[in-house]
Amino acid sequence: MNIFRSLALFTSAISVSVFTGCAFGSSIDNLMAPPKLSVEQEQIYSALTDSTGSSISLKYPKSGKYLSAFIVEDIDNDGSNEAIVFYERTGLTMEEDTLRINVLDQDGGKWRSVSDDSIKGAEIEKVMISKLGSNDRVNVIIGSSLINRSEKNVTIYNYETDRAMMSSNFSSSCSFIDVTDLDSDGQNEFLLLASSATGSAAAATIFTLDKEGQYQRYTCNLSGSFTEFDSIKYGDIGGNRRGLYIDAASGTGSIQTDVLYLDGTGLNKVFETPEESLKTVRPAGCSSFDVDGDGVLEIPVQYEAPGYKDAPESEQLKLTSWNYISRDDRLEKKCDSYYSVGDGYVFVFPERWRDRVTVKRDIINGGEIVFCTYSEGNMGRELLRICRADDTASRENMLLSGYMLLRTRGETSYLAYIPPYSELYDDNLSATAGDVAVGMTFTE
């Protein structure tokens, strides 16, 4: 490691953006033991086994708001709560439906089972409870999957009090589901995404319920034969619209973005042709992200850093431009950056660096990323270094050498070094601690 004169230690607060998940979310199967039941859950469980017998095991949703096998909500709009329990019967043959949903209601202050039905699949992926559109009906939306989680299904139920039963009114295969107010009218819609892996064209569909309880459907085919969805996010787009940003994979090892919005004409794509969407193609993992924290998502597009035109592709470094959607649905560049997908950080270039700075990797010093001036085909003086330390000893040594601590996560630390300022350089490119504080953003 190069040893530089010591600088004043600088620590900045870094805003961390957390991606909330794609598709049905991550598994909780690594729990060592089921969570301990509350008093109310114990009462519900006792009423459940009185009805089903004790040869059952509870099933826990893997993502979303509801992560318990027990959900206590008012699902029939009568002002009092019912209980939903997910479980599976044990000791049955593979041909039988083992995954179940049981509804319990209170009678004289005691819980009793009133409805028991099978659920398609072997795992509960996600549960949402919401009204949809202008209808007052409470909908219980359940995403499920087979054991290998490759095939996913969604079923929408409503609880009919007079018949004491859960009634299924919608079922479909899917890749991603959500409840959202995409058109910002104060009423929720149900969103379903289907990839081409489901056997049909990749598409997005919005469902609402009218006052009569009929589904109104708006569908939009996506721009490619998307086999899976890398990231799904919501963010503002030009014209005061709320957009659905879909980063999708086409099976080539890269992703591209479609952006949809809902208005009075239906569900629409910002990029009207597949060719426009292809302008957003980049490596998998480069998700759309609010890189400057202004509430508007930007779409990253990579390009060759200056100075690597004649270098082998394996040795080339890339820079990333971050593009927003304008009022007239055009991609407009907001800023340039270096984006380390593996380390989960973005360093946004100061505006004065645009087209005048490039990057290189210092292999001798642990692969540090070095930002340097670039002019007339030549790399010049160093402006900034960003690196990672994987243990406490390495971090402390770097701090003693003048590096600034940017972030720690477990044993891993991220640091930056700014060479001492010299009056010999009057190009206005020297980095400052302020540049680092403003430009450094972590994506995870």
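Start with Arg112 and Asp107, whose side chains form a salt bridge at 3.6 Å, N to O; the term means a side-chain nitrogen of Lys or Arg within 4 Å of a carboxyl oxygen of Asp or Glu. Arg112 is partly exposed at 43% relative accessible area, and Asp107 is partly exposed at 48%. For those labels, buried is under 20% relative accessible area, exposed is over 50%, and partly exposed lies in between, with a 1.4 Å probe and protein chains only.

On provenance: this is a predicted model, where local features need pLDDT of at least 70, side-chain atom pairs count only at pLDDT 80 or more, and totals for chains, interfaces and linings use all residues. Residues are numbered from 1 along each chain as its sequence is written, and side-chain values use heavy atoms, leaving out hydrogens and water.

The structure has 23 salt bridges. Another one joins Asp336 and Lys333, with the closest N and O atoms 3.1 Å apart. Here Asp336 is buried at 5% relative accessibility, while Lys333 is partly exposed at 39%. Lys59, Lys62, Glu88 and Glu123 are linked in a salt-bridge network.

Now the sheet. It is open, with four strands in the order β10-β11-β12-β13 and antiparallel pairing. Strands here are DSSP runs of E, at least two residues, numbered from the N terminus, and two of them pair if DSSP finds at least two bridges between them. β10 (176-180) and β13 (215-221) are at the edges with a single partner strand each, so one side of each has no neighbour in the sheet. β12, residues 203-209, pairs with β13 over seven bridges, and Ile206 stands opposite Tyr218 in β13.
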